Structures are given as C-alpha cells and as structure tokens.
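Welcome, and thanks for taking a look at this one with us. Please open the sequence and the model side by side, and then we can walk through the fold together.

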Amino acid sequence: MLDQIPYLPYVLSAFIGIGLAAATGFRVFLPMFAVSLASYFQWIPTHESFEWLSGLPALITTGIATLAEILAYYIPIVDHLLDTVSVPMATIAGSVLFASQFADLGTFPQWGLALIAGGGTAATISSGFAGIRAASTATTGGLGNPVVGTTETAGAGIMAVLAMVAPVIAAFLAIATVIAIVILGKKALRKLRKRKEVLNHKV
C-alpha cells in the first residue's frame, strides 16, 4: 500500500539525508563512520557512485578520524581551533551524505538539493554549537565545554542511527534541533555581548 504513495522513495531519502546531515552538524566524522560501517556490512544499500563509503579503507579512515575528533574536543584550546573549521567541514560532509541518498536524481538537482538542505542543516547545527561552546568558555571558564562536547557526540551518534533505522523520527528531530540551536545560539551571542560590554565598562 505504501508503494502506491507518489514520490515516497524520494521523501524517505530526504528524511534519511536530513537526519545524516544533522548528525554531521554535531560531529563531522562519526556519521560518516556510521554510514561506512552500515554499508560495509550491507545493513543499508549503497548507490554505485558512493560505493567508496562501503570500502574497508573508508571504514578505517573514518573510524580513526571519528576517534581523533571526539577526543580532540576534550582538549582545551584545541576544541576552539576545531570550531574554526568545523562549520565548512560539516557543510561538506552533510552535503555528501545527503547527496548519497539522491544518486539517481541527476548531478545538478542532486548536489543543489544537497548543498541547500544537507549542507544548510549541518552548518546551522555546527555553527550553533560553536557559539554555545564560546559562551560556555566565557561563562564557565571552559569547565562546561566537556558537557557541550559530550552532548555533540551523543547527538551525532543518536541522529546517525535514527536516520538509518527511523528516518521520519530523525527528520523531525533534525528540524527541532535546528530551531533549538538557532534560539540557543542567539541567547549565547547575547550573553557574550553583555559580558563584553560589562568588561569594557570596567576597563
């Protein structure tokens, strides 16, 4: 019966793509490792143009990169350095994982949609958490940063798994996360501005 719903495969692909893109907004490499692992063991199908993700080299590389990225966010100063490159990297990773779900659309619509929906979702979440981490550093002296880092890692793992096993739930969570990140990001920026104003007045 579901097979008779028009464009259902594309809708489901969009849900999966949005979920995976959101996951890369939390952590760049963990979602790619999850997809590579699932593809390697043939738990999920892989389009021909993205078969490189299901290979052993990709699995090992993304696995090492995932471990390094997770640990690096617990090192003071290094976490802020990573934030400077996390947004463009997340945008690229989110676009790639989103595009992997639409390999049969054609190059222009596939990557156009991937950059807007996938890259945009990933960039919003990544930049939002970068702002939250900056606010955490300013208000807690960096003591709250490990909590932020752990939340990002957990979010990436949960969202990646949901995208593959429950794409509808993942898509709704991704949208809710983007909205929450935008709201929290604005609050964090306001706190930083107020703190700077207070410091300037004291000087």
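What pattern does the protein chain follow when read along the sequence? Read that way, the protein chain runs α-α-α-α-α-α-α. Please keep in mind that this is a predicted model. The secondary structure comes to 7 helices and 0 strands.

**The chain as a whole**

The protein chain has 203 residues, and 43% of them are buried. Its accessible surface is about 11,100 Å², with 73% of that belonging to carbon and sulfur atoms. If you take the contacts between residues at least 6 apart in sequence, 68% of them join residues at least 24 apart.

**A helix pair: α1 and α6**

Two packed helices are described by the angle between their axes and the distance between the axes. Here, helix α1 (residues 8–26) packs against helix α6 (residues 145–165) at an angle of about 165 degrees, and their axes are 8 Å apart. Because angles over 145 degrees count as roughly antiparallel, α1 is roughly antiparallel to α6. The crossing of α1 and α6 is left-handed.

Which residues make the contact? On the α1 side they are I16, G19, L20, A22, A23 and F26, while α6 brings E152, G155, A156, M159, A160 and A163. Sorted by class, the contact of α1 with α6 has 9 nonpolar, 2 polar and 1 charged residues.

Now for the loops. Y73 is found between α3 (56–72) and α4 (78–99), and I77 has its place in the loop between α3 and α4 as well. Q42 lies in the loop between α2 (29–40) and α3.

Are these residues buried or exposed? The table gives the values.

| Residue | Relative accessibility | Class |
|---|---|---|
| Y73 | 6% | buried |
| Q42 | 71% | exposed |
| I77 | 62% | exposed |

Y73 counts as buried because its relative accessibility of 6% is under the 20% cut-off. Leaving out residues up to four places away in sequence, Y73 touches R27, D79, L82, D83, S86, R133 and E152. One of these, E152, is also part of the α6 side of the contact with α1. Y73 and P146 are 73 residues apart along the chain, yet 7.5 Å separates their C-alpha atoms.

The backbone deserves a look at the other two residues. Q42 has a positive phi of about 60 degrees although it is not a glycine. For I77, also a residue other than glycine, phi is positive and near 75 degrees.

Note on methods. Residues numbered from 1 in each chain as written. Predicted model: local features only at pLDDT ≥ 70, side-chain atom pairs only at ≥ 80, totals over all residues. Heavy atoms only, no water. Axes fitted to C-alpha atoms, helices over the stretch in contact; angles between N-to-C directions. Helix = DSSP H or I, 4+ residues; strand = E, 2+ residues; numbered from the N terminus. Parallel < 35°, antiparallel > 145°, perpendicular 65-115°, else oblique. Left-handed = near helix turned anticlockwise from the far one by under 90°. Contact = heavy atoms within 4.5 Å. Nonpolar A, V, L, I, M, F, W, Y, C, P; charged D, E, K, R; others polar. Buried < 20%, exposed > 50% of the residue type's maximum accessible area, 1.4 Å probe, protein only. Areas by Shrake-Rupley, 256 points an atom, 1.4 Å probe, with all protein chains shown as cover.
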